[in-house]
Amino acid sequence: MTLLHDLTGAPPGMTGRALLLRLSAIGAVLAGTAGTFAYAGGWLSPGLLTPARIIDRFEQVNGPHPGFRRNHAKGMCVAGRFTGSGAGARLSKAGVFAAGRVTPVEGRVALAGGQPYAADAAATVRSLALRFRLPDGEEWRTGMNNIPVFPVRTPEAFYAQLLAARPDPATGKPDPERLKAFFADHPESAKAAALIKARTVTAGFADSTYWSLNAFRFVAADGGTRPVRWALVPDPVPAVDAAPGDRNALFDAFAAQLAQNPRHWHLIVTLGQAGDPTADATLPWPADRATVDVGTLTLTAATPEAASTCRDINFDPLVLPDGIAPSDDPLLSARSAAYAQSVTRRAGETKTPSAVTGAAIHGAAL
C-alpha cells in the first residue's frame with residue numbers, strides 16, 4: 001500500500017474500489033498524454049494532418065534549403081526595446097505593460113516564402129517576429145505580418161493552400177485553375193484574399209504595420225479576461241531609395257534607416273467584444289472596436305543571421321508570459337507545432353549564410 005500511496009496520492013486505508021477508480025483516472029490521463037504525442041508524431045492516423053506533414057509540404061513546394069526556416073526563409077535580425085505606457089496594465093497582469101517598464105527585445109524581419117535567396121519584392125508579405133525578455137526568466141514571443149487577416153481559417157486549409165499556390169516552373173506563377181478550385185472549396189479564404197489585396201503596400205519594413213492575425217486573451221490582475229488582437233503601427237519615417245538592381249532592397253533600406261535613427265512602432269491592442277470571432281483569423285473584427293496604445297517598440301540595430309543573433313530562435317506564438325493566454329484559434333497550436341518541427345529539422349543541418357549578409361548590412365549603414 002505504501003508504494004501505491006506514493007504513486008497515486010491515495011490516503012492510507014482507501015478501499016479497493018476507490019483505489020481502482022483512482023488508478024483508472026491516472027491511467028486515462030497518461031493515455032491522453034501519450035495520445036497527444038502519438039498524434040504529433042503522426043503515429044495513429046497517417047491520414048491526419050501533422051506538423052511533419054506541414055513541413056514536408058513546405059519542402060515539396062519550395063525545394064530543399066538546408067539550414068533555413070521552412071517559411072519566411074529570407075530574413076535579418078533586429079534588436080531594441082519595448083517601453084510600456086501603463087495603459088495595458090489594467091487589461092493584463094503581464095509585467096511588460098507596466099508604466100515605464102523597459103523590456104529588451106530581439107527579433108527578425110523577413111519575407112514570407114521558403115526561398116532564402118529570392119529577390120525582394122514589394123508585394124511579398126513582410127513579417128516582424130519578436131522575443132521580449134521579461135524579468136524572472138519569462139518571455140513573450142510573437143510573429144506578426146503586414147496583412148490585416150490570415151488567408152486561411154484552419155491548418156488543413158493552410159496545407160491545401162500551399163499546394164494550390166505553388167508556382168508553375170514554366171511561368172513562375174500559380175496555376176489559376178488550381179487556385180480557383182481552392183477558393184471554391186474555401187470561400188472564407190477568397191474573402192480574406194480580397195482584404196489582403198486591398199491593403200496599402202508601404203515602401204518597406206520601417207513603415208509597415210504588423211498585425212498579430214490570431215486572437216489572444218489578456219488576463220488582468222483580478223482574473224478577468226477579454227479577447228484581444230494587436231498591431232504594431234509605425235511612426236512616420238522618411239523614405240529610403242533602393243539601389244537599382246539590389247536583390248536585397250527591402251533589407252538594405254531598413255538596415256540603412258536603423259543606422260541613421262531608431263525606428264518606432266506603437267503596440268495598439270484591439271479589445272474584442274462578445275461575438276467577435278476568436279477562432280477564425282480570416283475574419284476582421286468590426287472597425288469600431290476600442291483600441292489601447294500599450295507601449296512603444298523601438299528598434300535600434302540590424303545584424304545578419306548567426307548563431308549569436310536570431311538565427312536559431314523559435315518564435316513560437318504560444319510562448320506567453322503570465323497575463324497573456326491563447327484563444328481558441330486552431331492556427332495557434334498548429335503554428336507552434338510546425339515551428340518546433342522546422343527547428344528540429346534545421347538544427348542538424350549545415351548552416352548556409354543568408355542572402356542578407358553582414359557585408360550588405362554594414363554597407364547599407366555607411
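Predicted model: local features only at pLDDT ≥ 70, side-chain atom pairs only at ≥ 80, totals over all residues.

Me: Is Tyr 339 buried, partly exposed or exposed?

Reply: Residues are numbered from 1 along each chain as its sequence is written, and side-chain values use heavy atoms, leaving out hydrogens and water. Buried means under 20% relative accessible area and exposed over 50%, with partly exposed in between (1.4 Å probe, protein chains only). Tyr 339 has a relative accessible area of 29%, so the residue is partly exposed.

Me: Which helix holds Tyr 339?

Reply: Helices are DSSP runs of H or I with at least four residues, strands are E runs of at least two, and both are numbered from the N terminus. The run covering residues 330–347 contains Tyr 339, and that is helix H8.

Me: Which residues is Tyr 339 in contact with, leaving aside its neighbours within four places in sequence?

Reply: Contact means heavy atoms within 4.5 Å. With those neighbours set aside, the partners of Tyr 339 are Asn 314, Phe 315, Asp 316 and Pro 317.

Me: How many of the twelve residues of H7 are buried?

Reply: The buried residues include Leu 250, Phe 251 and Phe 254. H7 is largely enclosed by the rest of the structure, because the number of its twelve residues that are buried is ten.

Me: What share of the protein chain's residues count as buried?

Reply: The chain has nine helices and ten strands. Of its 366 residues, the buried share is 44%.
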